[in-house]
Amino acid sequence: MIASLKGSIVAIETDSIVLDVGGIGYQVYVAAPVKDNFHVGEAIFLYTRLVIREDNWTLCGFDNKESRE
């Protein structure tokens, strides 16, 4: 499982952000209230949950452990 990510934001999309972590861009889906606090170029830390389904892998980001649970 990917438990957390720390990196810089390279793009903010409708329902997700793209986070550069060591040269790899991760698309992380975040709730609007969380996303609205971010800006491109900002360094952030997110707790994450990787949801694996038969036809899709989704990485969801949260600003604290309680929200992730």
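Predicted model: local features only at pLDDT ≥ 70, side-chain atom pairs only at ≥ 80, totals over all residues.

Colleague: How is a pair of aromatic rings described?

Modeller: You give the distance of the centres and the angle of the planes. Here, the ring centres of Phe45 and Tyr47 sit 5.0 Å apart with the planes at 90 degrees, so this pair is edge-to-face. The cut-off behind that label is an angle over 60 degrees.

Colleague: What does Phe62 touch, leaving out residues up to four places away in sequence?

Modeller: Tyr47 is on that list, along with Leu46, Arg49, Ser67 and Arg68. Phe62 lies in strand S5 and counts as partly exposed, with 21% relative accessibility. Its C-alpha atom is 9.7 Å from that of Lys35, 27 residues apart along the chain.

Colleague: Why does Thr58 count as buried?

Modeller: Buried means under 20% relative accessible area, and Thr58 counts as buried because its relative accessibility is 15%. Thr58 also lies in strand S5, which covers residues 56-62.

Colleague: Which side chain does Thr58 join through a polar contact?

Modeller: That of Asn56, at 3.2 Å. Beyond four places in sequence, Thr58 touches Tyr29, Arg49, Leu50 and Val51. Notice Arg49 there: Phe62 touches Arg49 as well.

Terms used: Residues numbered from 1 in each chain as written. Heavy atoms only, no water. Helix = DSSP H or I, 4+ residues; strand = E, 2+ residues; numbered from the N terminus. Buried < 20%, exposed > 50% of the residue type's maximum accessible area, 1.4 Å probe, protein only. Polar contact = N/O pair within 3.5 Å; in protein donor to acceptor, adjacent residues only side chain to side chain. Contact = heavy atoms within 4.5 Å. Phe/Tyr/Trp six-rings, centres within 6.5 Å; stacked < 30°, edge-to-face > 60°.
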